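Trainee: Can you walk me through how this fold is put together?

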Amino acid sequence: MGLREHRSQAPARVRVFVVTLSDSRDAASDTSGAAIRESLERSGHHVTGHDIQREDPRTLAPWLDALLQRDDFDAIVLTGGTGIAPRDSAYELLAARYERPLPGFGEIFRALSYAEIGSAAMASRASAGIAGGKLVFSLPGSRNAVRLAMDQLILPELGHLVGQLRPAAPEEPS
């Protein structure tokens with residue numbers, strides 16, 4: 001089956017949970033999380049929930065494990081925690097949970113970021129993979145980075161990728 005056929009069979013509406021990782025943002029100042037939710041909803045997807053979590057691996061790891069057990073969404077988009085500062089722990093937490101990493105996402109994201117911000121793009125540890133049977137994207141915390149990832153990478157492929165994760169319908173007996 002070719003890409004065109006895959007896309008034609010992809011779900012048009014995907015259920016997504018949005019997470020902001022931050023020690024300083026709250027509901028009023030979380031512009032990146034809000035941008036993700038607005039972008040998803042504008043594209044016809046359903047945001048099943050959102051949360052802001054502190055970047056403390058001791059509490060974040062069990063919270064993330066519980067989130068991955070839920071069955072009310074197909075994908076998670078996280079923002080924040082992808083840099084190299086000591087508190088930035090998203091990459092390590094997610095890499096340990098990826099059953100199948102999608103390295104192309106981070107590679108393409110950094111290439112696109114380089115075109116916008118130059119060599120500082122190398123410090124991004126944006127990533128994606130499959131965890132708990134769900135599609136997971138981890139984005140930097142800046143609103144510009146969120147816009148770039150959502151518009152150029154996630155939204156064009158979200159339905160297609162989630163469709164690929166769903167089990168194929170059984171064939172009719174002949």
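Predicted model: local features only at pLDDT ≥ 70, side-chain atom pairs only at ≥ 80, totals over all residues.

Trainee: OK. At what angle do helix 2 and helix 6 cross?

Mentor: Roughly 25°, and their axes come within 10 Å (axes are lines fitted to C-alpha atoms, for helices over the stretch in contact, with angles from 0 to 180 degrees between N-to-C directions). Helix 2 and helix 6 are therefore roughly parallel to each other. Helices here are DSSP runs of H or I with at least four residues, strands are E runs of at least two, and both are numbered from the N terminus.

Trainee: Which residues of helix 2 and helix 6 make the contact?

Mentor: Helix 2 brings Thr 31, Ser 32, Ala 35, Ile 36, Glu 38, Ser 39 and Leu 40, and helix 6 answers with Arg 143, Val 146, Met 150, Asp 151, Leu 155 and Leu 158 (contact means heavy atoms within 4.5 Å). Sorted by class, the contact of helix 2 with helix 6 has seven nonpolar, three polar and three charged residues. Ala, Val, Leu, Ile, Met, Phe, Trp, Tyr, Cys and Pro count as nonpolar, Asp, Glu, Lys and Arg as charged, the others, Gly among them, as polar.

Trainee: And how do helix 5 and helix 6 cross?

Mentor: The axes of helix 5 (residues 103-117) and helix 6 (residues 143-165) also come within 10 Å, with a crossing of roughly 125°. That makes helix 5 oblique to helix 6. Nine nonpolar, two polar and two charged residues take part in the contact of helix 5 with helix 6. Phe 105 and Leu 112 are among those from helix 5, and Leu 148 and Ile 154 are among those from helix 6.

Trainee: How many residues has the largest nonpolar core?

Mentor: It has 27, and Leu 40, Phe 105, Phe 137, Leu 139, Met 150, Ile 154 and Leu 158 have the most contacts inside it (a core is a set of buried Ala, Val, Leu, Ile, Met, Phe, Trp, Tyr and Cys residues joined through side-chain atoms within 4.5 Å). Helix 6 supplies the largest share of this core, 10 residues. Apart from it lies another core of 17 residues, including Leu 21, Ala 61, Phe 73 and Val 136.

Trainee: What does Leu 40 contact?

Mentor: Beyond its neighbours within four places in sequence, Leu 40 is in contact with Val 16, Val 18, His 45, Val 47, Met 150, Leu 155 and Leu 158.

Trainee: New topic: is Ser 138 buried or exposed?

Mentor: Ser 138 is buried, because its relative accessible area is 0% (buried is under 20%, exposed over 50%, partly exposed in between, with a 1.4 Å probe and protein chains only). Ser 138 sits in strand 6, and its contacts more than four places away in sequence include Leu 78, Tyr 98 and Phe 105.

Trainee: Where does Met 122 lie?

Mentor: In the loop between helix 5 and strand 5. Met 122 counts as exposed because its relative accessibility is 70%.

Trainee: And why does Asp 51 count as partly exposed?

Mentor: Because Asp 51 has 27% relative accessibility. Asp 51 belongs to strand 2 (residues 46-53) and touches Phe 17, Val 18, Val 19, Thr 20 and Trp 63, leaving out residues up to four places away in sequence.

Terms used
Residues numbered from 1 in each chain as written. Heavy atoms only, no water. Parallel < 35°, antiparallel > 145°, perpendicular 65-115°, else oblique.
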